[in-house]
Amino acid sequence: MSRQTIAILKSYFTTGKLPTEINFADFIDSVSNLDSDSLNMDITGLTDSSTELQAIFDAAGNRDTVFLPKGILLLSSTVVISNEIKIVGQGTVMRTNTAIKMFQIDSDNVSIDNVHFERFSGTKDFNQYGIHV
């Protein structure tokens, strides 16, 4: 039971095949869990989630989809996206109270859906705030 690529997972479920218990376990291990407890991050916006979010993005392989939980993730340092990934929020809010680049994208083919970015104190310096590619 281990994390598998999308191509391998799809091969388990082709017409005429009967997926095994191990195939289903691989499928479950390969899909992100939307439960914030399993992601080990605070979704209240009270505690910094930069390190945990960076670890999740670093663990994602090219063409993986990373699902983020509904809630507020406080970022106090820049999170770098180095792989071709799709980030899907569930009404996720990325919040900062410092002058940082929240996301720095160092890869092609990155998409972000249903994620809102906000700064909740201080003045906005658009050279330092938000997403930088």
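Close-up 1. Thr-96 belongs to strand 5, which spans residues 85-96; helices (H or I, at least four residues) and strands (E, at least two) are DSSP runs, numbered from the N terminus. This is a predicted model, in which local features need pLDDT of at least 70 and side-chain atom pairs count only at pLDDT 80 or more, while totals for chains, interfaces and linings use all residues. Residues are numbered from 1 along each chain as its sequence is written, and side-chain values use heavy atoms, with hydrogens and water left out. Thr-96 has a relative accessibility of 0% and counts as buried; buried means under 20% relative accessible area, exposed over 50%, and partly exposed in between (1.4 Å probe, protein chains only). Its side chain makes a polar contact with the side chain of Thr-98, at 3.2 Å. A polar contact is a pair of N or O atoms within 3.5 Å; within protein, one must be able to donate a hydrogen and the other to accept it, and residues adjacent in sequence count only if both atoms are side-chain atoms.

Close-up 2. Lys-101 lies in strand 6, residues 101-105. With a relative accessibility of 33%, Lys-101 counts as partly exposed. Between Lys-101 and Thr-78 the C-alpha to C-alpha distance is 5.4 Å, although the two are 23 residues apart in sequence.

**Close-up 3. The largest nonpolar core and the surroundings of Leu-75.** The largest nonpolar core has 20 residues; such a core is a set of buried Ala, Val, Leu, Ile, Met, Phe, Trp, Tyr and Cys residues joined through side-chain atoms within 4.5 Å. Leu-53, Phe-57, Leu-75, Ile-87, Met-94 and Phe-103 have the most contacts inside this core. Two or more residues of this core come from each of helix 4, strand 4 (79-81), strand 5, strand 6 and strand 7 (111-119). Leaving aside neighbours within four places in sequence, Leu-75 is in contact (heavy atoms within 4.5 Å) with residues including Ser-50, Leu-53, Met-94, Thr-96, Thr-98 and Phe-103.

**Close-up 4. The buried side of helix 4.** Helix 4 covers residues 50-59, and its buried residues include Ser-50, Leu-53, Gln-54, Ile-56 and Phe-57. They cover an arc of only 160° around the axis, which puts them on the same side of helix 4. The arc is that of the directions from the helix axis to the C-beta atoms. An α-helix has 3.6 residues a turn, so residues three or four places apart point the same way.

**Close-up 5. Aromatic pairs around Phe-13.** The whole structure contains five aromatic pairs. The ring centres of Tyr-12 and Phe-13 are 6.3 Å apart and the planes stand at 65°, so this pair is edge-to-face. Rings of Phe, Tyr and Trp (its six-membered ring) pair if their centres lie within 6.5 Å; planes under 30 degrees apart count as stacked, over 60 as edge-to-face and the rest as tilted. Tyr-12 is buried, at a relative accessible area of 14%, whereas Phe-13 is partly exposed, at 38%. Phe-13 also pairs with Phe-27, with centres 6.0 Å apart and planes at 75°, so that pair is edge-to-face. This second pair links distant parts of the chain, 14 residues apart: Phe-13 is in the loop between helix 1 (6-12) and helix 2 (21-30), and Phe-27 is in helix 2. Phe-27 counts as partly exposed, with a relative accessibility of 38%. Tyr-12, Phe-13, Phe-24 and Phe-27 make up one aromatic cluster.

Close-up 6. Arg-63 is joined to Glu-84 by one of them, with the closest N and O atoms 3.9 Å apart. Arg-63 is in the loop between helix 4 and strand 2 (64-67), and Glu-84, 21 residues apart from it, is in the loop between strand 4 and strand 5. Arg-63 is exposed, at a relative accessible area of 62%, while Glu-84 is partly exposed, at 21%. In the salt bridge of Lys-86 with Asp-113, the closest N and O atoms are 3.7 Å apart. Lys-86 lies in strand 5 and Asp-113 in strand 7, so this pair ties together parts 27 residues apart in sequence. For Glu-118 and Arg-95, the closest N and O atoms of the salt bridge are 2.6 Å apart.

Technical notes. Salt bridge = Lys/Arg side-chain N within 4 Å of Asp/Glu carboxyl O.
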